[in-house]
Amino acid sequence: MSAKYMVITVATCEPSYVQDALGHVGSVVGELVDKANCVGARYGVLGTGLEAGSLVLFQSYAGLADIEKVFDVYAASDSYQAIINSGKISVTLRNIVKLEDVQLSDPSADTPNYGVLTLASGSGLTGERMKSFVPIFEQNGAMLMRFGTLITGSNAGKKLLGVTYPSMDAIEKTYDGLRASADYQSLLSGITLERREIVRFVG
């Protein structure tokens with residue numbers, strides 16, 4: 001079943017509780033797969049930006065009806081309640097992305113070590129335009145690629161690109177390849193790059 005929507009949740013966490021919280025998140029992910037038809041999930045810690053050190057969870061679903069089930073899972077989950085009731089974590093953002101059909105030809109099911117999130121706006125950011133850059137990502141080690149439009153929150157209407165990688169070296173090589181592309185330089189000249197952050201994945 002293909003993913004059409006992605007839910008992104010970000011939460012601040014006391015440093016002493018990060019490992020415990022991540023353990024609970026792993027359990028919650030298992031419950032989401034079993035009970036809310038989650039078709040893919042990754043979680044970890046933001047490594048850059050104003051929210052560096054915050055936990056982040058990405059969940060993919062085939063439809064909005066499945067996302068509705070997420071909150072029922074949360075309400076019944078001992079692991080989720082343990083996180084919330086710890087008093088050491090606070091959800092600061094939860095948004096939904098409508099995904100477009102922009103994917104790698106052979107995405108990896110292995111757990112990545114890193115991910116890069118890019119938020120941007122501009123009329124040139126179409127799914128067809130982004131597909132032209134897929135080979136650059138594939139040739140330099142990207143493991144999974146997601147692209148779509150935020151449909152909730154203060155950034156609704158803006159585009160989000162998420163790509164996972166096995167290493168920082170693969171990230172470096174990918175962006176070296178993009179910078180060498182005349183088409184990518186043309187794209188950059190017509191859009192506004194809002195932010196780009198790196199995630200360190202745990203699961």
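## A buried serine between two helices

At 14% relative accessibility, S181 falls under the 20% limit and therefore counts as buried. This residue belongs to a predicted model, as does everything else described here. You can find S181 in the loop between helix 6 (168-179) and helix 7 (182-189). Leaving aside residues up to four places away in sequence, S181 touches F133 and I136.

## An asparagine with a positive phi

Another loop residue to look up is N37, which sits between helix 1 (18-35) and strand 2. Its phi is near 60°, a positive value in a residue other than glycine. As background, most residues other than glycine have a negative phi. Is N37 buried or exposed, or something in between? With 34% relative accessibility, N37 counts as partly exposed.

## Strand 5 and its partners

Now turn to strand 5 (114-121). Seven of its eight residues are buried, so strand 5 is largely enclosed by the rest of the structure.

Which strands pair with strand 5? One partner is strand 7, joined to strand 5 in the antiparallel sense over seven bridges. Here A120 stands opposite K159 of strand 7. Strand 8 is another partner: it runs antiparallel to strand 5, and eight bridges join the two. In this pairing, T118 stands opposite R196 of strand 8.

## The largest pocket

The largest pocket holds about 430 Å³ of space. Its lining is made up of 25 residues, and those closest to the centre are A41, R42, S60, L144 and R146. Which elements give two or more residues to this lining? They are strand 2 (40-46), strand 3 (55-61), strand 5 (114-121), strand 6 (144-150) and strand 7 (159-165).

Sorted by class, the lining of the largest pocket has 14 nonpolar residues, eight polar ones and three charged ones.

## The second largest pocket

About 300 Å³ of space lies in the second largest pocket. It is lined by 15 residues, of which E51, L93, L117, L160 and R195 are the closest to its centre. By class, nine of the lining residues are nonpolar, three are polar and three are charged.

At least two lining residues come from each of strand 1 (5-13), strand 4 (89-99), strand 5 and strand 8 (192-201). Which element supplies the largest share? Strand 5 does, with three residues.

## A salt bridge across the chain

How many salt bridges does a search of the whole structure find? The answer is nine. In general, side chains of opposite charge can pair when their charged atoms come close.

One of these salt bridges joins the side chains of R195 and E51, with an N to O distance of 3.2 Å. This pair links distant parts of the chain, since R195 lies in strand 8 and E51 in the loop between strand 2 and strand 3, 144 residues apart. R195 counts as partly exposed at 33% relative accessibility, and E51 is partly exposed too, with a relative accessible area of 22%. Both R195 and E51 are among the residues closest to the centre of the second largest pocket. They also belong to a network of salt bridges that links E51, R195 and E197.

## Salt bridges within helices

In one, K131 pairs with E128, and the closest N and O atoms are 3.2 Å apart. K131 is partly exposed at 33% relative accessibility, whereas E128 is exposed, with a relative accessible area of 58%.

In the other, D169 forms a salt bridge with K173, again with the closest N and O atoms 3.2 Å apart. D169 counts as partly exposed at 38% relative accessibility, and K173 is partly exposed with a relative accessible area of 44%.

Methods:
Residues numbered from 1 in each chain as written. Predicted model: local features only at pLDDT ≥ 70, side-chain atom pairs only at ≥ 80, totals over all residues. Heavy atoms only, no water. 1 Å grid on protein atoms, 1.4 Å probe; cavity = no way out; pocket = protein on both sides within 12 Å on 5 of 7 lines; lining within 4 Å. Points joined across faces, edges and corners; volume = space filled by probe spheres on them. Helix = DSSP H or I, 4+ residues; strand = E, 2+ residues; numbered from the N terminus. Nonpolar A, V, L, I, M, F, W, Y, C, P; charged D, E, K, R; others polar. Buried < 20%, exposed > 50% of the residue type's maximum accessible area, 1.4 Å probe, protein only. Pairing = 2+ DSSP bridges. Contact = heavy atoms within 4.5 Å. Salt bridge = Lys/Arg side-chain N within 4 Å of Asp/Glu carboxyl O.
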